[in-house]
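Please open the model in your viewer and keep the selection tool at hand. We will go from stop to stop together.

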Amino acid sequence: MQKFAASAIAFTLFQFSFGAHMALAADATTPVKAIMDATVSNWAGGDSDWQDIFGEDKLKDIYSKDFGAKYEAAAQFPAADEDGISPFDYDVIVNAQDACPLEDVKIAAQPPKNNVTEVLATFKKLTCMGSDADYQKVTTVRFEVIEEGGRPVVDDIVTNDDNGNPSSLKSVMVDLVKQQQQQPSDQQKSANPQ
């Protein structure tokens, strides 16, 4: 009887643990959907206003504290764009300055690993440019979602460059800050040769 009770408790704990992981995997798509909905709207054309996926409210609600801190540090060095506030001069989701209305958008959470749920967003971004195979390629963006404060938040966004190499947006932001911080000292050295 004790073996049966122990087995029943172990099975119940397994179900609860598995259920918690499945709930996080299901909920992990929530912040990704918010980002992708804004991105789809941004590239839909028409007269709608551009939605900043890094607006102050979104930084607090759908990104991790670490991601938000890295973004705010990078935003101290805005790219040359119209708003003068973004550290990027391209759309970090489509990984380009130009795109077509996004087609075949799909979002799918992968099984959690080490407290991170990878959520894949796939879409076609160049179909309006022609029927060649290059314009029909599917783009995949990996969102690393963690739980923070009892809710799922995006901790990193990983895209692939033209050669298929992964690029972490958090790493890009850190590198941008390092480059900008080194620039004034480099300029001082060239102004004061020894």
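A disulfide, for this tour, is a pair of cysteine sulfur atoms within 2.5 Å. The structure holds one. Before we select it, please note that this is a predicted model, where local features need pLDDT of at least 70 and side-chain atom pairs count only at pLDDT 80 or more, while totals for chains, interfaces and linings use all residues. Residues are numbered from 1 along each chain as its sequence is written, and side-chain values use heavy atoms, with hydrogens and water left out.

**Stop one: the disulfide**

Select Cys-100 and Cys-128, whose sulfur atoms sit 1.9 Å apart in a disulfide. The pair links distant parts of the chain, 28 residues apart: Cys-100 is in the loop between α4 and β1, and Cys-128 is in the loop between β2 and β3 (138–148). Helices (H or I, at least four residues) and strands (E, at least two) are DSSP runs, numbered from the N terminus. Now look along the S-S bond of Cys-100 and Cys-128: the torsion is about -80°, so the disulfide is left-handed.

Which of the two cysteines is buried, and which is exposed? Buried means under 20% relative accessible area, exposed over 50%, and partly exposed in between (1.4 Å probe, protein chains only). Cys-100 is buried, at 0%, whereas Cys-128 is exposed, at 54%.

Most residues other than glycine have a negative phi. Asn-95 belongs to the loop between α4 and β1 (103–109), and its relative accessibility of 29% makes it partly exposed.

Next, select Asn-115, where phi is again positive, at about 65°. Asn-115 is placed in the loop between β1 and β2 (117–124). With a relative accessible area of 64%, Asn-115 is exposed.

**Stop three: helix α4**

Select residues 65–74 to show helix α4, and colour its buried residues: Phe-67, Gly-68, Tyr-71 and Ala-74. They are on the same side of α4 because they cover an arc of only 125° around the axis; the arc is that of the directions from the helix axis to the C-beta atoms.

**Stop four: Asn-165**

Finally, go to Asn-165, in the loop between β4 (151–160) and β5 (166–168). Asn-165 is partly exposed, at 39% relative accessibility. Which residues does Asn-165 contact, leaving aside its neighbours within four places in sequence? Contact means heavy atoms within 4.5 Å, and the partners of Asn-165 to select are Thr-159 and Asn-160.
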